[in-house]
Amino acid sequence: MRLRLLQSNWNRFARRDALWAICTEPERSRRRWNVAEFFETGRRDVDHIFEMTKALGLDVPTGRALDFGCGVGRLTQSLATRFDEVVGVDLAPAMVVQADSHNRHTQRCATGYRARSGMR
């Protein structure tokens, strides 16, 4: 039952203001996120993680990646520039619908719904 409540809440967040539900900067509430700026935060976060792994001498394979709890794809889109295939999955179908609408890497990036039927 708690999983259904969680799903219901995230679906509600997605319908009200999905970008702000993910990045809750106070000045961005009430649909004041610029979409390009929002996704830029994901690019910076992914770049930072890769910089840290490189500094640690870690080699990250670039075959496949999974973004579990992808929301609208803030990190998924950036991961798609670094991996051959990326799948974003989320508990909330309303978030996944928005992730699909923001997907700029359709040949190598899929959400949980599209991934079930096979990419491409």
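A salt bridge here is a side-chain nitrogen of Lys or Arg within 4 Å of a carboxyl oxygen of Asp or Glu. By this rule the count comes to seven salt bridges. The model is predicted: local features need pLDDT of at least 70, side-chain atom pairs count only at pLDDT 80 or more, and totals for chains, interfaces and linings use all residues. Side-chain values use heavy atoms, without hydrogens or water, and residues are numbered from 1 along each chain as its sequence is written.

Helices (H or I, at least four residues) and strands (E, at least two) are DSSP runs, numbered from the N terminus.

| Salt bridge | N to O distance |
|---|---|
| Glu40 and Arg43 | 2.4 Å |
| Asp45 and Arg74 | 2.9 Å |
| Asp47 and Arg82 | 2.8 Å |

Glu40 and Arg43 both sit in helix α2 (residues 35–55). They are three residues apart, so about one helical turn separates them.

Asp45 and Arg74 form a salt bridge. This pair links distant parts of the chain: Asp45 is in helix α2, Arg74 in helix α3 (residues 74–79), 29 residues apart.

Asp47 pairs with Arg82. Asp47 lies in helix α2 and Arg82 in the loop between α3 and β2 (85–89), so this bridge ties together parts 35 residues apart in sequence. Salt bridges that share partners join Glu40, Arg43, Asp47 and Arg82 into one network.

Burial uses relative accessible area: buried is under 20%, exposed over 50%, partly exposed in between (1.4 Å probe, protein chains only). Arg74 is buried at 13%. Asp47 is buried at 17%.
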